[in-house]
Amino acid sequence: MKIFEPNINTSKKRGAIDIYDHDISALTDFHDEYDLLHDLFESIICVEGKYLLYTDKATGKEQKHLERVFAYELYRQWANRIQIKWGDKLVINGEIGKEPQTFDHYKSKVHKFPDLVLHSSQGDCDFQGIVCEIKTSHVTPSSFKEDIDKLNCFVCCENEKYRFMFGVFILIGDDMSKILDIMDGMEGDVFKATPNEYIDRIICVTYNQNHLKAVRFDWLIKKEDREELRKQLNT
């Protein structure tokens with residue numbers, strides 16, 4: 001159990017499309033057999049700070065962008081990388097609708113609209129890759145829980161045909177301590193993670209000031225595990 005924090009000090013340009021590779025080690029604890037998370041993390045790191053913050057010319061004060069500003073640039077970076085690696089086999093869609101009957105285990109009555117989805121296509125379930133939810137530092141415990149439950153719908157659903165390999169919660173403009181604090185305040189809350197044998201495929205990511213950190217959600221559930229992760233943040 002360890003917070004994943006890739007080295008982003010080195011990079012090299014790759015391909016005819018303007019994308020960069022960084023020195024990211026293998027994600028052995030995340031079961032990333034197709035390097036899907038690796039590619040997503042590379043893409044997040046390539047999102048420049050101007051897509052998180054801007055300066056108000058009139059006041060000179062630094063302001064935070066809405067999450068969609070970051071999401072649109074992440075879409076571009078990620079789509080370029082996927083195009084080079086997978087060609088026409090995979091596609092990234094933004095805020096695409098998913099029918100509730102797809103996730104029969106949760107008996108959901110409303111459509112789900114994840115922020116970003118990596119898959120074969122909306123009409124082809126042969127490859128269900130990653131589904132993402134994105135929040136800024138203004139995230140609340142209720143909105144965090146709502147997003148985690150939504151990701152669980154995709155990753156832990158009973159129907160294997162529709163089950164995604166990973167669900168990723170991305171918090172921008174804050175550090176992993178924010179998520180740990182939120183989980184502390186939700187001690188005892190029940191998340192919709194049944195069947196829970198796939199809960200280790202829910203990944204929480206923070207990206208702030210060019211620093212990316214990632215942990216598995218199942219490492220956040222127990223208080224003693226959160227304390228161990230806090231020690232890592234303070235070393």
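This is a predicted model: local features need pLDDT of at least 70, side-chain atom pairs count only at pLDDT 80 or more; totals for chains, interfaces and linings use all residues.

D175 sits in the loop between β8 (166-172) and α4 (176-185), while K213 belongs to strand β10 (residues 211-216), so the bridge ties together parts that are 38 residues apart in sequence. D175 counts as partly exposed because its relative accessibility is 24%, whereas K213, with a relative accessible area of 10%, is buried.

A second pair joins K85 and D39, whose side chains meet at 3.0 Å, N to O. This pair also links distant parts of the chain: K85 is in helix α2 (residues 67-86) and D39 in helix α1 (residues 36-45), 46 residues apart. K85 is partly exposed, at 39% relative accessibility, and D39 is buried, at 6%.

E227 forms a salt bridge with R230, and their closest N and O atoms are 3.2 Å apart. Both residues belong to helix α5 (residues 223-233); because they are three residues apart there, about one helical turn separates them. E227 has a relative accessible area of 34% and is therefore partly exposed; R230 has one of 16%, under the 20% limit, and is therefore buried.

E227 and R230 also take part in a network of salt bridges, which links them with D181, D184 and R226. Over the structure, the count comes to 12 salt bridges.

Note on methods
Residues are numbered from 1 along each chain as its sequence is written. Side-chain values use heavy atoms; hydrogens and water are left out. A salt bridge is a side-chain nitrogen of Lys or Arg within 4 Å of a carboxyl oxygen of Asp or Glu. Helices (H or I, at least four residues) and strands (E, at least two) are DSSP runs, numbered from the N terminus. Buried means under 20% relative accessible area, exposed over 50%, partly exposed in between (1.4 Å probe, protein chains only).
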